[in-house]
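Reader: I have just opened this one and would like to be walked through it. Could you show it to me before we start?

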Amino acid sequence: MLYEMIAVVRPGNLAEVKEIAHKAGTLLLQNGGVVRSLTNWGPFLLTKPVRKHQQKHDSGHHFILRFDSSPEVQAKVRKAIAIDPRMIRCGVVKMVGGDKLVGEHGIRGMSEIGAEGPKWRGGKGAGESFLGGR
């Protein structure tokens, strides 16, 4: 199955981000998974302050790891990454057809949304992006 992991690491040290991404990729490969892509989004402000591992964070370094694996391996990787004290947040979504999230809304994967932003679907303003224009 194709998964997309969106991870937020404490900011300030790019070596930590690389080490965590390497750890996730190595764990995937050792358990029969395949890494499809790794995208570095860089540091961003969080929507609200987050307390994790007795620290308060208001920004984090984001990266996306897209991979194929069994559900068991995906859970193992997610748990191994989530307990790392350098991590702020980590979320994994299952992809269908390589570009849609599993769910009733059929929302596109985060790494598939380009600079023009996601498109409105149906109703007034159909075909316009959230950022304006067509």
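Predicted model: local features only at pLDDT ≥ 70, side-chain atom pairs only at ≥ 80, totals over all residues.

Reader: Thanks. How many helices and strands does the protein chain have?

Author: The protein chain has two helices and five strands, where helices (H or I, at least four residues) and strands (E, at least two) are DSSP runs numbered from the N terminus. Along the sequence they come in the pattern β-α-β-β-α-β-β.

Reader: What share of the chain is buried?

Author: Of the 134 residues in the protein chain, 34% are buried; buried means under 20% relative accessible area, exposed over 50%, and partly exposed in between, with a 1.4 Å probe and protein chains only. As for contacts, meaning heavy atoms within 4.5 Å, 65% of those between residues at least 6 apart in sequence join residues at least 24 apart.

Reader: Let me turn to α2. What is its span?

Author: Helix α2 covers residues 71-82, which is 12 residues, and reaches 16 Å from its first C-alpha to its last, close to the 16 Å expected at 1.5 Å a residue. The expected span is 1.5 Å times one less than the number of residues.

Reader: Which of its residues are buried, and what do they pack against?

Author: The buried residues of α2 are Val 73, Gln 74, Ala 75, Val 77, Ala 80 and Ile 81, and they pack against β1 (2-9), α1 (14-30), β3 (55-68) and β4 (87-96). As a general point, an α-helix has 3.6 residues a turn, so residues three or four places apart point the same way.

Reader: Changing topic, how many salt bridges are there?

Author: The count comes to six salt bridges, each being a side-chain nitrogen of Lys or Arg within 4 Å of a carboxyl oxygen of Asp or Glu. One of them joins the side chains of Arg 36 and Asp 68 at 2.4 Å, N to O. That pair links distant parts of the chain, with Arg 36 in strand β2 (residues 34-52) and Asp 68 in strand β3, 32 residues apart.

Reader: Is Arg 36 buried or exposed, and what about Asp 68?

Author: Arg 36 counts as exposed because its relative accessibility is 53%, whereas Asp 68 is buried, with a relative accessible area of 19%.

Reader: And what about Asp 84 and Arg 86?

Author: Their side chains meet in a salt bridge at 2.8 Å, N to O. Salt bridges that share partners join Glu 19, Lys 23, Asp 84 and Arg 86 into one network. Asp 84 is buried at 6% relative accessible area, and Arg 86 counts as buried at 15%.

Reader: Last topic: how many aromatic pairs turn up?

Author: A search of the whole structure finds two aromatic pairs; rings of Phe, Tyr and Trp (its six-membered ring) pair if their centres lie within 6.5 Å, and planes under 30 degrees apart count as stacked, over 60 as edge-to-face and the rest as tilted. Trp 41 and Phe 44 form an edge-to-face pair, 6.5 Å centre to centre with 75 degrees between the planes. Trp 41 is partly exposed at 33% relative accessibility, and Phe 44 is partly exposed with a relative accessible area of 42%.

How values were computed. Residues numbered from 1 in each chain as written. Heavy atoms only, no water.
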